[in-house]
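Keep the structure open as you read.

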Amino acid sequence: MKNMHKGTRAILHLDLDAFYASIEQRDHPQYRGRPVIVGGTPDRRGVVATASYEARTYGVHSAMPSRTAQRLCPDAIFLPARFEVYRAVSQQIMMIFRQQTALVEPLSLDEAYLDVTDTVHTLEEATWLAREIKRQIWDQTNLTASAGVSYCKFLAKIASDAHKPDGLTVIPQEEAPAFLEALPIEKFFGVGKVTAAKLRGLGIQTGADLKHMGEERLRELLGKHGGQLYHYACGMDDRPVEPVRERKSVGKEVTLEYDIRNRGEMEHILEQLAHQVERRLLELGIAGKTLTLKVRWSNFELVTRASSQPQGFQLAQEMQPILRVLLSGLFDEKRAVRLLGVSASRLISTDEMRRARQVVTPSLWQEAPL
Ligand code: DCP
Ligand code: MG
């Protein structure tokens, strides 16, 4: 195989398969080969964090209400998440990545980009390296990962998703145009349900359609993101792999499909956002001391309101009452909202939070006879 062109990068994307569920099957052999769902229980309005591949054949997937999952797959085994274990495995795999290159950008506990341009000479070598990393993950953790190899982040990520589980997919630069032309728009980075529906409404189904539409029209339609999408459709993505920086906040926000005025609806959306923030906090083993609500009104004006919680917060149920108070400070029945966001900042570790919450039991109480 010929050497890579000067200036061409070699990017790997690695993503573990059914991460939480695979760890549960690894640690509980009696669940292997069976449909396992990690997440909230069906009776308590829980949601699915992830499902084993056995459960996925029934249509179960992440973020689905657990009750729906149980209906689809009555034999499913529901297990609570063990974040401490998942975090420890995550540290193991990130260590494997960092042995190969310092340019590791984790995206979540089980997923990272690696820039191995300086480690390999050819795409073929990059592929061997990906195989070697998969082998090391298996040897050290007994878990499988899927890998994608390409010349940019966007394609490396799509490649790792192409043949899950335990896949290894390479998209060389010369094959990228044909691959992208056939790619459904939903697979493009940043295209969610709303954008996809909008594009499909205009008859745009694939990367080829995006390309034909041209940069200008896409920009008119989707703003700055439209321009980015056009570049992706042309196989251009020069975003660098960025090793982690210190995290200052954990937040989630959503631009609504339609502007809303209804307070109940806003509270419902904030509840969902709080759950997503909770998940990230639990994954990272941290808590917040400041909770911020962000609102963008329909005229694009942006406002935030924050509340300080000295004992720290981590769970959605702890955030919800605070968010309701923050919302009532902003709510205006005459104004419509187009974006809502929730974020946690002034981050502390779970241990620090526990210590801050510890109430010293008076010794008198302990010694008092029953
Ligand atoms: N996760 C979650 N809630 C979601 C999505 C994911 O709690 N809505 C958690 C559980 C997953 C882990 O994050 O195990 C990693 O997410 P992935 O999207 O990589 O999904 P999986 O690793 O479970 O499956 P896949 O094989 O598709 O990567
Ligand atoms: Mg995964």
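A pocket is an open set of points on a 1 Å grid over the protein atoms alone, where a 1.4 Å probe fits, with protein on both sides within 12 Å along at least five of seven lines; lining residues have an atom within 4 Å of a point. A volume is the space filled by probe spheres set on the points. This is a predicted model: local features need pLDDT of at least 70, side-chain atom pairs count only at pLDDT 80 or more, and totals for linings use all residues. Residues are numbered from 1 along each chain as its sequence is written.

**Second largest pocket**
- The second largest pocket holds about 720 Å³ of space.
- Its lining has 20 residues; closest to the centre are Pro 106, Val 244, Arg 247, Arg 280 and Leu 284.
- Two or more lining residues come from each of α4 (83-100), β5 (104-108) and α12.
- α4 gives the largest share, five residues.
- The lining divides into eight nonpolar, three polar and nine charged residues (Asp, Glu, Lys and Arg count as charged; Ala, Val, Leu, Ile, Met, Phe, Trp, Tyr, Cys and Pro as nonpolar; the others, Gly among them, as polar).

**Helix pair α12 and α13**
- Helix α12 (residues 263-284) packs on helix α13 (residues 316-328) at an angle of about 140 degrees, with axes 9 Å apart.
- Residues in contact (heavy atoms within 4.5 Å) include Met 266, Leu 270 and Leu 281 of α12 and Met 319, Leu 323 and Leu 327 of α13.
- By class, this contact has nine nonpolar, three polar and five charged residues.

Note on methods:
Chains lettered and ligands numbered in written order. Heavy atoms only, no water. Axes fitted to C-alpha atoms, helices over the stretch in contact; angles between N-to-C directions. Helix = DSSP H or I, 4+ residues; strand = E, 2+ residues; numbered from the N terminus.
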